[in-house]
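Please read the following report alongside the chain and its coordinates. It moves from strands to domains and then to a pair of helices.

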Amino acid sequence: MLTEVTAVRYVTPLREGGSLPGLVETDDGRGTYATYVMKFTGAGQGRKTLVAEVICGQLARRLGLRVPGLTGIRLDPVLGLGEPDQEVQQLLKSSGGLNLGMEYLPGALGFDPLAFVVDPLEAGRVIWFDALINNVDRSWRNPNLLVRHGDVWLIDHGASMIWHHNWPTAPTAAARPYDATDHVLAPYGPDIAAAAAELAPRVTKELLAEVTADVPDAWLAGEAGFDSADAVRRAYADALLPRAESIHERITLEGAAK
Ligand SMILES: Nc1ncnc2c1ncn2[C@@H]1O[C@H](COP(=O)(O)OP(=O)(O)O)[C@@H](O)[C@H]1O
Ligand SMILES: [Mg+2]
């Protein structure tokens with residue numbers, strides 16, 4: 001279960017990508033205010049983006065990769081009333097209830113492939129992980145990596161696990177190879193074999209049950225073809241478990257150039 005806090009003030013939109021996440025101030029009900037990057041259930045991409053953020057974010061953390069902490073954020077759509085920006089107002093109005101929050105990393109800069117060096121082991125871990133979740137959103141055009149104090153942080157896992165858009169074909173889709181040619185870390189000599197040897201054995205049925213349990217029921221309810229939220233959770237785990245075993249054999253890196 002994710003912790004839950006309440007949004008008390010919308011601060012500003014983060015306009016880099018397409019989903020219009022925003023900075024919000026939150027109250028945990030015990031007197032602690034904090035700033036989070038909030039991703040909205042009412043955003044165009046829909047709640048599956050948030051499901052992917054939770055499963056992949058929690059999985060990455062459990063595998064020792066750096067990802068911002070996650071929390072649920074309750075939103076009263078009334079917060080949108082005072083917003084001058086129409087688009088933001090609409091987003092807040094359509095996102096009442098539970099949304100996703102990510103620990104805000106103050107001072108973090110976007111990853112610049114020309115200015116930063118990543119060692120082959122770390123590059124291998126990130127690419128192996130992205131292959132596991134089929135993340136198509138870590139290219140040199142759009143790295144979705146932040147750098148702070150010389151450390152690389154992974155953000156934005158909303159566009160992964162494409163198979164969850166069509167469950168009947170999910171086993172076939174999850175067996176497909178991963179094309180890392182465009183991956184922002186492809187030019188750093190990623191040691192995929194070392195990453196697979198280190199990380200694949202850690203992706204167990206038990207770990208996947210734990211990370212899928214963190215997805216709020218409300219984002220899984222009513223999924224066509226499933227009779228419970230837990231059945232959807234099992235479908236996510238069933239797609240990832242076999243992929244973890246062998247995806248390292250199906251990662252394309254050829255043609256990668258800095
Ligand atoms: N945890 C964070 N801490 C600091 N800045 C962040 C954080 N998460 C996102 N950002 C900033 O917001 C931008 C958009 O966030 P992202 O998760 O990539 O959403 P999207 O691409 O869907 O709009 C990022 O490129 C980054 O500049
Ligand atoms: Mg992004």
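## Conventions

Two strands are taken to pair if DSSP finds at least two bridges between them. Strands (E, at least two residues) and helices (H or I, at least four residues) are DSSP runs, numbered from the N terminus. This is a predicted model, in which local features need pLDDT of at least 70 and side-chain atom pairs count only at pLDDT 80 or more, while totals for chains, interfaces and linings use all residues. Residues are numbered from 1 along each chain as its sequence is written, and chains are lettered from A and ligands numbered from 1 in the order in which they are written.

Five strands form a closed barrel in the order 1-2-3-5-4, and the pairing is mixed. From one strand to the next the twist averages 55 degrees, where angles run from 0 to 180 degrees between N-to-C directions and axes are lines fitted to C-alpha atoms, for helices over the stretch in contact.

Strand 2 (residues 22–27) is antiparallel to strand 3 (residues 33–39), with 6 bridges between them, and E25 has T35 of strand 3 as its bridge partner. These two strands make a hairpin with 5 residues between them, and in its turn G29 has a positive phi of about 80 degrees. Strand 3 also pairs with strand 5 in the antiparallel sense, over 4 bridges, and here K39 is bridged to L100 in strand 5.

Strand 7 (residues 145–148) is linked to strand 8 by 4 bridges in the antiparallel sense, and L146 stands opposite W153 of strand 8.

## Domains and their contact

The domain assignment, whose bounds come from an automatic or database source, divides the protein chain into domain 1 (4–103) and domain 2 (109–252). Their C-alpha centres are 21 Å apart. The contact involves 26 residues from domain 1 and 28 residues from domain 2, two residues being in contact if their C-beta atoms, placed from the backbone, lie within 7 Å.

On the side of domain 1 that touches domain 2, the elements giving two or more residues are helix 1 (47–62) and strand 5 (97–103). Helix 1 supplies the largest share of that side, 15 residues. By residue class, the side comprises 13 nonpolar, 8 polar and 5 charged residues; Ala, Val, Leu, Ile, Met, Phe, Trp, Tyr, Cys and Pro count as nonpolar, Asp, Glu, Lys and Arg as charged, and the others, Gly among them, as polar.

## Packing of helices 6 and 7

Helix 6 (residues 205–213) packs against helix 7 (residues 229–246) at an angle of about 140 degrees, and their axes are 9 Å apart. That angle makes helix 6 oblique to helix 7, given that angles under 35 degrees count as roughly parallel, over 145 as roughly antiparallel, 65 to 115 as roughly perpendicular and the rest as oblique.

In this contact K205, L208, A209, T212 and A213 of helix 6 meet R233, Y236, A237, L240 and L241 of helix 7. The contact residues divide into 7 nonpolar, 1 polar and 2 charged.
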